[in-house]
Amino acid sequence: MNEHHIKCFKPRFELLVTGDITADVRFNDRDYKKWDIIVFKEGEPCSFEGFKFTGRSLRATISNVDTYGVQPGFVALSLKFTEKLC
């Protein structure tokens with residue numbers, strides 16, 4: 001089981017926090033696996049630093065990894081949220 005730390009823009013982060021979305025499509029450059037942990041770290045674009053973190057984060061477990069209906073090299077991740085580290 002691996003833990004992945006992922007940048008997440010504010011509008012999408014809010015949808016994850018409220019539970020309005022429970023899945024994410026990502027490029028599979030990290031070889032995501034079922035039961036891996038993802039920590040979404042909220043931030044916004046910043047011209048000086050490139051990405052400015054707000055300090056809020058959200059932890060989720062990947063409950064399923066699927067390639068059906070997504071472009072080659074991408075995966076659809078089903079998520080179970082375990083901890084809000086806001």
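Is D24 buried or exposed? I looked it up: D24 counts as buried because its relative accessibility is 6%. I take buried as under 20% relative accessible area, exposed as over 50% and partly exposed as in between, with a 1.4 Å probe and protein chains only.

**Ground rules.** I am working on a predicted model, where local features need pLDDT of at least 70, side-chain atom pairs count only at pLDDT 80 or more, and totals for chains, interfaces and linings use all residues. Residues are numbered from 1 along each chain as its sequence is written, and side-chain values use heavy atoms, with hydrogens and water left out.

**Salt bridges.** I count a salt bridge when a side-chain nitrogen of Lys or Arg is within 4 Å of a carboxyl oxygen of Asp or Glu. The structure holds 7 of them. I found D24 paired with R26, with 3.3 Å between the closest N and O atoms. R26 is partly exposed at 23% relative accessibility.

I next looked up K33, which forms a salt bridge with D31 at 3.2 Å between the closest N and O atoms. K33 is partly exposed at 42%, and D31 is partly exposed with a relative accessible area of 42%.

A further salt bridge joins the side chains of E42 and R56, 2.8 Å from N to O. E42 sits in strand β3 (residues 37-46) and R56 in strand β4, so this pair ties together parts 14 residues apart in sequence. I use DSSP runs for helices (H or I, at least four residues) and strands (E, at least two), numbered from the N terminus. E42 is buried at 5% relative accessible area, whereas R56 is partly exposed at 26%. I also noted that salt bridges with shared partners join R12, D24 and R26 into one network.

**Helix α1.** In α1 (residues 10-18) I found F13, L16 and V17 to be the buried residues. Seen down the helix axis they fall within an arc of 100 degrees, so they line one face of α1. I take the arc from the directions from the helix axis to the C-beta atoms. The face turned away from the buried side carries the exposed P11 and T18. G19 follows α1 and has a positive phi, near 85 degrees.

M1 is in the segment before β1 (3-9) and is exposed at 76% relative accessibility. Its contacts, leaving out residues up to four places away in sequence, are W35, D36 and I37; contact means heavy atoms within 4.5 Å.

I placed T61 in strand β4 (residues 50-66) and found it buried at 12% relative accessibility.
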